[in-house]
Amino acid sequence: MHLQPAESNGPAPEPQPIYEGPERPFKQFKQHSTSLPFGQPTSLKSICGPTYVTAQTLIQQVAYTLSDRLWTYSPETFDLDVAVKDWSKEGIHNVYGYATNVEAMQIRQGAASIALGYIFSKDFDLKKRYVPQSILASSSTLQYLRAALDQLSLLYSVASPFVAHIAAIDYAGASSQLVTDYVSALSLAEDLGLGMVSSFSAYEAQHMSLFSTLLASIIPTIHIYDGVSTGRETTRVIDVLDQSRLHNTYKAIQHEIAIQKKKNVSLDAKMLQLLDAFNGELGTQYGLFEYHGHSKPDSVLVVFGTVESSLASQVALSLESNGAKVGVMSVRVYRPFVEDAFLNALPASVKIIGVLGQVQDPQAVADSGVRSNLYGDVVAAVTFSDIWTTAPAVIDVKYSRETVWTPVAVAAAFQLLVRKPILQPQVQAEELGIPPPLQLLDPSNVQQYTFWDFDTSPSASAPTALGQALATDSSNNVTIKTRYDNLLQGGIFRTDIRKSAKSIEASYSINAADTVYIGEAGLLNDLDVLNGAKAGGKVVLKLPGIKDDDLESKLPIGFRKALSAKSAQLYILDPPAVEVIANDPTLEMYLTQIAFLRVALPGLEKVGLAKLASVNGNLEMLEELAKALDSALRLIEVPKEWATTEIEGPLLSLPNDIHVDSFDAFDKIEIEPPTYLKDWKTAAKGLAFKEVYGTKSALRPDLPTKTYTVHVKENRRLTPSTYDRNIFHIEFDLGDSGLNYDIGEALGIHAENDVAEVEKFIRFYKLDPKEVVEVPSRDDPRVLVNRTVYQALMQNVDIFGRPPKRFYEDLAEFADDPKEKTKLMTLGGPTKEGSQEFKRRAEVDTVTYADVLLEFPSAHPSFHEIVRIVSPMKRREYSIASCQKVTPNSVALMIVVVAWVDPRGRDRFGQATRYLNKLELGAPVTVSVKPSVMKLPPRSTQPIIMAGLGTGLAPFRAFVQHRAWEKAQGKEIGSVLLYMGSRHQREEYCYGEEWEAYQDAGVITLLGRAFSRDQPQKIYIQDRMRQTLNDIIQAYLKEEGAFYLCGPTWPVPDVTNVLEDAIARDAKSLGKKVKPSNEIEKLKDQLRYVLEVY
């Protein structure tokens, strides 16, 4: 248990009251995220000294402050990065003088490869070589990070310090329950040789984040902490380091380690040196392994994890006070596992060692052949030690990730190591004058309150607002934690608030609440809410419009008997009984808070109202509601007969807690865009009475960009018809469209779906192709557009595109077949099984929206629902391959048809490339223009060096045409070096005759052709560049040319390496000393190093 004197704690900051006028007199309290203190956004500078925080916020503070870059992998609603994203967006500086680059990444196979690429990039600024790079993620993402972390561990001697702050969170198998997952991280650290550090509580989360970051200078490190419970609990931490102190501490410890640094020191020794320096700087006493309990125990339980370490230590001390000779060994640093330190921390008297080791699931617990990771380390340390004549027995006390630890559950684990009962009955404890068994908190110093309610309740945010109001009192230490079960009765939550004169460390649900609030009587049928109420406690039940005579019939028998057995006081809250609440139900939240104050803290109501006003905004109205509360709140005399009520059969046992499956309420209210299916009369009215209906005619009004209609002038294939790659040249006549474009810009093609496929879908789905659909534009909801069903499927709805996970979830709502509904929910849900199946469908089967609708016939949404849940078609952009000065009335593109065969043998095509390839001469096409970074240098005399692979040659055709036009105008032009790469000259020498003609005309100075597969050894574009390095030095460096690369990303490092070699060779010839990578950065700033890669 962690206790601090109250006088050393500062109060929570009081929110400034906001008066919003007579129409809305209250400041609206809103909980933004359970990972933030009281759910409120937190500024970086406010995290200092005594303050209210969550462990998650402290971890983000350290990561943001000390990192160059942060890659975050946070599943939706986990909000592991909500604070750092806000700080980065605001441009808040880290300790290095710039805003930390925070990149929120997708969770998929190959995740973290981008981080690896950045660290080992040739462009990496070596000034940042010793600046930490960090990841924020959940343990559920580790399987996707594994490959990158494996490579990192192998190359760590030349890498930047790397630390991953991992919230131990995952979903349990096929269920929706959130579980604390350590086993994934333990296995990964062991397999890859990573460091691993655990935080035991929110009070040390900042310190352990800092320690892990320091350890990362020695070994790539994982800092793991409980992400389900402790990481999201708001509590007061006294000794929080601000950014400046954090930086100073970091530098001081680094300096101390540098002084002590010796060659050929083992990893274990380095770890111990670092921990000594850390403790010396902060005045702490952290150990690699920390023992709590009896001074001479017979049995010791070894544990790893946040809740496990915190709660087991408290239980061990409680059992010791009752005479049990037990203790707990908490593992702070799991990797490296320093066996000597473990054995030194272990009491010599121990005879039995239990290893509380997490395994994957209940099946692994039951399987005697499965051992926990921690058990293997402890057995090895004990077996190979010679400090005992007879070594203690080691028992693997396995538990699954689904285990929710309570004091009783931990005591049960201790009981497995001890023959005699370790818990004294309460009556016997009172006779012996010792505390009741497992009373970890002193009831005279700690007040506890539990709230149960629907997440749609008007009072849903009342508990958090109350917690923040209580925290404004500097004499209070408040903790608050909210958890959600989105499946039970459509979505409920439980909030626990603890209040004490001393700081509290209690990582378990409240089991002796002074006051219990129940916001809906229906909850009593599914939950034993009184199990966590203390004897003689108070219960507030919201039950609108119920008379005392009818009350018994509304309360389940089990609840009535429990209420009587606990001798609890029952209060009924009837909010509509207050006239102002009946007229405005949104005020119920404030009445609930006032009712709580009156019941739970009757002597502090007046002061409490002032505290509430600091959160809710208007003291006058709160006082008016307090005066009216008597008409809505009444104390019920519990009949004695309730205790003896007879029931038929056994009393149904109900769960006493929720199954946590989310960190946020399920958003059941979705605001749908006003999409409607209407008949032809609707469109006719709009067209006939344009002024009344505000109707305007426009070309593709659903598109937000300015569009033009052009017509196909030429469409010819550039590669042989027998070749497997269809690269074609398409040219459009601009006519009187008014379209203008600049060199290097891209043409956006607003493609249409295939006619045959659309007609087939219309027949399958039994649609009327002529039916009129009036829908708002998906890009601008203010614009309503009229389309027939056929037009919408051709031009608007991406029905043959690849669906995201959300589509399966949305479609499940329409499924009548239970099996189809279950499968759709699995595909759209967060489970591992669903994610793997979705990945296979998306990447291997390449299924479309239409395929899914065909596969699940019972899910048959109406067409206007299809418009809502299917993504809109997007324009595809292609680099323009012509110069308007040369061809003023046309625009050209160079395109490769995207085609493949799926596992079912069906031919599949890229929607836009197939559309363009099939266009006949004269066919109209809707297009738009997009600016690009590919700009010619300002002076015609500046050389241009171009490297294009495949269709990446397109913009360079425009560049060369422009230089030829300038030469024809009598202008002096600079050198033109064109490097091109493809597989075979015979099949892919696209525009070859043009290039050679321009070379003969003196426009192209150098033509470097790399056909990789025309000879035994492969020759790539970078090879041709290296063969002509002197020409590049002259044109690029001597004559201040500009370099351009267009095409796929893979040659970027090699091509850049050639340019760096050119820079190094030129500098050497001039007797200069330069850093080529820095020079490349300067060239980028001067727009002389331009990449357009994909």
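**Close-ups of a predicted model**

**View 1. Phe-342 and the residues around it.** Skip the neighbours within four places in sequence, and Phe-342 is in contact with Phe-289, Val-302, Met-329, Phe-337, Val-378, Ala-381 and Val-382. Keep in mind that this is a predicted model.

**View 2. Two nonpolar cores.** The largest nonpolar core has 107 residues, and the ones that touch the most other members are Phe-342, Val-378 and Phe-414. There's also a second, separate core, made up of 59 residues, including Ile-47, Ala-55, Tyr-171 and Val-228.

**View 3. Phe-120 in its loop.** Look for Phe-120 in the loop that runs between helix 3 (113-119) and strand 4 (133-138). Its relative accessible area is 29%, so Phe-120 counts as partly exposed, a label for values between 20% and 50%. Which residues is Phe-120 in contact with, leaving aside its neighbours within four places in sequence? They are Leu-152, Leu-155, Val-158 and Ala-159. Now compare Phe-120 with Arg-840: the two are 720 residues apart along the chain, and their C-alpha atoms are separated by 31 Å.

View 4. Is Leu-155 buried, partly exposed or exposed? Leu-155 is partly exposed, because its relative accessibility is 41%. Together with Leu-154 and Val-158, Leu-155 makes a nonpolar surface patch of about 310 Å². To join a patch like this, a residue needs over 30% relative accessible area, and Leu-155, at 41%, has that.

How values were computed
Residues numbered from 1 in each chain as written. Predicted model: local features only at pLDDT ≥ 70, side-chain atom pairs only at ≥ 80, totals over all residues. Heavy atoms only, no water. Patch = residues over 30% accessible without salt bridge, like charges linked within 9 Å, V, L, I, M, F, W, Y side chains within 5 Å. Areas by Shrake-Rupley, 256 points an atom, 1.4 Å probe, with all protein chains shown as cover. Salt bridge = Lys/Arg side-chain N within 4 Å of Asp/Glu carboxyl O. Buried < 20%, exposed > 50% of the residue type's maximum accessible area, 1.4 Å probe, protein only. Core = buried A, V, L, I, M, F, W, Y, C linked by side-chain atoms within 4.5 Å. Contact = heavy atoms within 4.5 Å. Helix = DSSP H or I, 4+ residues; strand = E, 2+ residues; numbered from the N terminus.
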